[in-house]
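Have a look at the model first, then work through the points below.

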Amino acid sequence: MSDFNFPKSDLEMLCEPLDAFPPYIYKAKFDFKFENIRDKVDTFLNDVAIIKEEHGLGDPENDGGISSVHYAHADKYEYENHRFGLPYTWPEFKEYYNFLQYVMGSISSEWGYDPNWQRQIEESWINVHPPGAWTGEHHHQNAMFATTAYLSKPKNSGEFLVRNPLEIYKKGEPTHPDYWNMQRYWAPIDVDTNDILIFPGWVTHKTQKNHSEENRYILSSNVIPMRTIDKSSQ
Ligand SMILES: [Fe+2]
């Protein structure tokens with residue numbers, strides 16, 4: 001047990017925190033009206049749970065969490081894609097993906113990407129976390145944008161945890177041993193229903209356990225850049 005509790009200071013009253021660079025995580029909002037699509041989502045996830053069991057598929061989900069990410073890889077295995085298709089093709093999410101493209105265009109400029117590059121949805125999936133379930137540590141390889149939209153985020157159903165991307169530099173700072181013992185290189189980002197998190201795929205993350213009595217649902221998408229070599233179109 002720790003004997004050092006990192007006491008809060010009055011620092012924020014004394015000075016203003018500054019960062020010369022844009023954030024690497026953005027939060028937006030979109031009204032998914034989840035109750036209108038809950039039955040469809042449950043059917044989709046119940047079906048993938050059967051496939052996961054039959055084919056012994058692994059994913060970062062723990063203690064009852066189910067991910068439809070396996071349908072994104074149906075071409076590599078001996079099962080068919082779902083009759084509903086991948087979530088980014090669902091008419092119920094059309095407006096959301098249009099909005100997401102618009103937001104990603106603006107973030108592209110901030111991050112020094114060319115906003116005119118085509119941003120292609122490379123993978124899309126839905127996760128459900130029943131009470132007690134959680135997503136383990138992972139990143140989204142090769143994704144220009146990783147996105148997570150909270151279709152339903154009940155109170156106390158666990159927050160999004162980010163691993164400090166500057167962790168390696170903390171090893172060269174006069175960091176108290178309890179920084180490591182208490183795993184302070186993990187920090188929560190509070191999220192609510194209809195929140196969307198947008199971050200680069202290299203950001204390592206996981207979730208807290210769902211401590212509520214209800215399911216937590218998210219819609220996730222990976223986005224990759226597509227550039228043309230045809231100069232006449234640039
Ligand atoms: Fe993720």
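Two residues count as in contact if their C-beta atoms, placed from the backbone, lie within 7 Å. This is a predicted model, where local features need pLDDT of at least 70, side-chain atom pairs count only at pLDDT 80 or more, and totals for chains, interfaces and linings use all residues. Residues are numbered from 1 along each chain as its sequence is written.

- Buried here means 20 or more other C-beta atoms within 10 Å of a residue's own, and exposed means 12 or fewer.
- Leaving out residues up to four places away in sequence, Ile198 touches Tyr26, Ala28, Val103, Met104, Ile107, Phe145 and Thr147.

**Helix H2**
- Helices (H or I, at least four residues) and strands (E, at least two) are DSSP runs, numbered from the N terminus.
- H2 (residues 38–55) has its end C-alpha atoms 26 Å apart, which agrees with the 26 Å its 18 residues should span at 1.5 Å a residue, taken as 1.5 Å times one less than the number of residues.
- Val41, Phe44 and Val48 are the buried residues of H2.
- What covers them includes strands S3 (66–67), S4 (118–129) and S11 (216–226).
- On the other side of H2, Asp39, Asn46, Ile50, Glu53 and Glu54 are exposed.
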